[in-house]
Amino acid sequence: EKGGYPHFMLKEIYEEPQTLRNAITGRIKSKLPHFRELEKMGEDLTKIKGITVLACGTSYHAGLVFQRFVQDYAGIRAEIDVASEFRYRNLPLGEGDVVIAISQSGETADTLEGIRKARQSGAKVVSLTNVVGSTISRESDAVIYINAGPEIGVAATKTYVAQLAVLLLLGASLALNKRNPEVISQLVNEIEGLPTVFESVLASADEQCQRLAREYYQFRHFMYIGRGYSYPSALEGALKLKEISYIHASGYQAGELKHGPIALLDRDFPVFAIIPEDELKAKMLSNIMETRARDAKVVAICSESDREVSRAVNSRIEVPKVSAPLYPLVMSPYLQLFAYHVAVARGYDPDRPRNLAKSVTVE
Ligand code: F6R
């Protein structure tokens, strides 16, 4: 049932091109994003005052990308909180507020309670889930399915990719009455091209990540850094590594290093820098220099043929060039495969990490 792969996690990473196709299918009409599921919300969506995103773990990281995107691109004020905090915080919500709840399983207890609280306050809840008929899907005002198919590996991989693709389309659809349709259809076109981009990425990523994993699997600590759209990737890369390889890893906004975390770094504490070709690259390069000055080894994921980055780091992986909000997508398979190969090199079963469950129905 693993289709010839040694683990479900690897199989599911290799399914990502098809997952993306399924996530996108039916969501584009006349070259523009279209969500049939949201038609019934009509007025509520054209009069949004603000968006609040609610999620846990990897779904929260997808939410961070969406929060930034919906603000940048659709000009809608957006907040985000992990569900376990949102529930116990008094965020004023009411008519005109839309809550986007993201939960792959549709059963996460904190997210569900967050939804109940949001609806009581008068906000409308749109949930994004992979499981038809799940509790969260039944308790929301509208449901968007990510159509990723069953995911057996405990660590979220293809569902994260599907969440990101659907969330970008959703963000783009919320920009429809604010932006030039030409600009939106260009972005949509790029999103439609992602399955092909992923196919070419997966043709070489596994070998590159395995090589890197062999170099780094014995370290006890790892720091992931990024800025802008790459900050969620730093968090997600660190989460994948810690949950399946049990190596201590944390993600930081690169600009925050000098406010404390840089004190940790030395030759035994490598840094994983997410540094695509975007407007923040120069700042990231200077952060990388700061870490090199502490003798920390730096692995970078950068855009292809980036000489500046390759001169500044110890090892690197190159990803295809895409528009800034799409980088969290193309970075994902590399972060997942690196964590996978480190876990395997350390002798662990990545499909069944200790202490973790696929759906977290306890609070
Ligand atoms: C990490 C992972 C978890 C889940 C989190 C939320 O790989 O899978 O962090 O993302 O438990 O789960 P859902 O999305 O089902 O609400």
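Me: How many helices and strands does the protein chain have?
Reply: This is a predicted model, and its protein chain has 14 helices and twelve strands.

Me: And how does the radius of gyration compare with the globule rule?
Reply: The radius of gyration is 20 Å, close to the 21 Å that the globule rule gives for 363 residues, so the protein chain is as compact as a globular protein of that length. Along its principal axes, the C-alpha trace spans about 55 × 40 × 40 Å.

Me: Thanks! On to the ligand: where does it sit?
Reply: You'll find the ligand in the largest pocket.

Me: How many residues surround it, and which are the closest?
Reply: There are 15 residues around the ligand, and the closest are Ser59, Ser103, Ser105, Thr108 and Glu243.

Me: What classes do the shell residues fall into?
Reply: The shell has six nonpolar, seven polar and two charged residues.

Me: Which helices supply at least two residues of that shell?
Reply: Helix H4 (57-74) and helix H11 (230-245) each do.

Me: What about Thr108, how far is its side chain from a ligand oxygen?
Reply: An N or O atom in the side chain of Thr108 is 2.5 Å from an oxygen atom of the ligand.

Me: And how much of the ligand's accessible area does the protein cover?
Reply: On its own the ligand has 410 Å² of accessible area, and the protein covers 90% of that.

Definitions and conventions:
Residues are numbered from 1 along each chain as its sequence is written. This is a predicted model: local features need pLDDT of at least 70, side-chain atom pairs count only at pLDDT 80 or more; totals for chains, interfaces and linings use all residues. Side-chain values use heavy atoms; hydrogens and water are left out. A residue is near a molecule or strand if one of its heavy atoms lies within 4 Å of it. A polar contact is a pair of N or O atoms within 3.5 Å; within protein, one must be able to donate a hydrogen and the other to accept it, and residues adjacent in sequence count only if both atoms are side-chain atoms. Accessible areas come from the Shrake-Rupley method with a 1.4 Å probe; for residues, only the protein chains shown count as cover. On a 1 Å grid over the protein atoms alone, a cavity is a set of points where a 1.4 Å probe fits but cannot get out, and a pocket is an open set with protein on both sides within 12 Å along at least five of seven lines; lining residues have an atom within 4 Å of a point. A molecule sits in a cavity or pocket if more than half of its atoms lie within 2 Å of its grid points. Helices (H or I, at least four residues) and strands (E, at least two) are DSSP runs, numbered from the N terminus. Ala, Val, Leu, Ile, Met, Phe, Trp, Tyr, Cys and Pro count as nonpolar, Asp, Glu, Lys and Arg as charged, and the others, Gly among them, as polar. The radius of gyration is taken over C-alpha atoms; the globule rule is 2.2 Å times the number of residues to the power 0.38.
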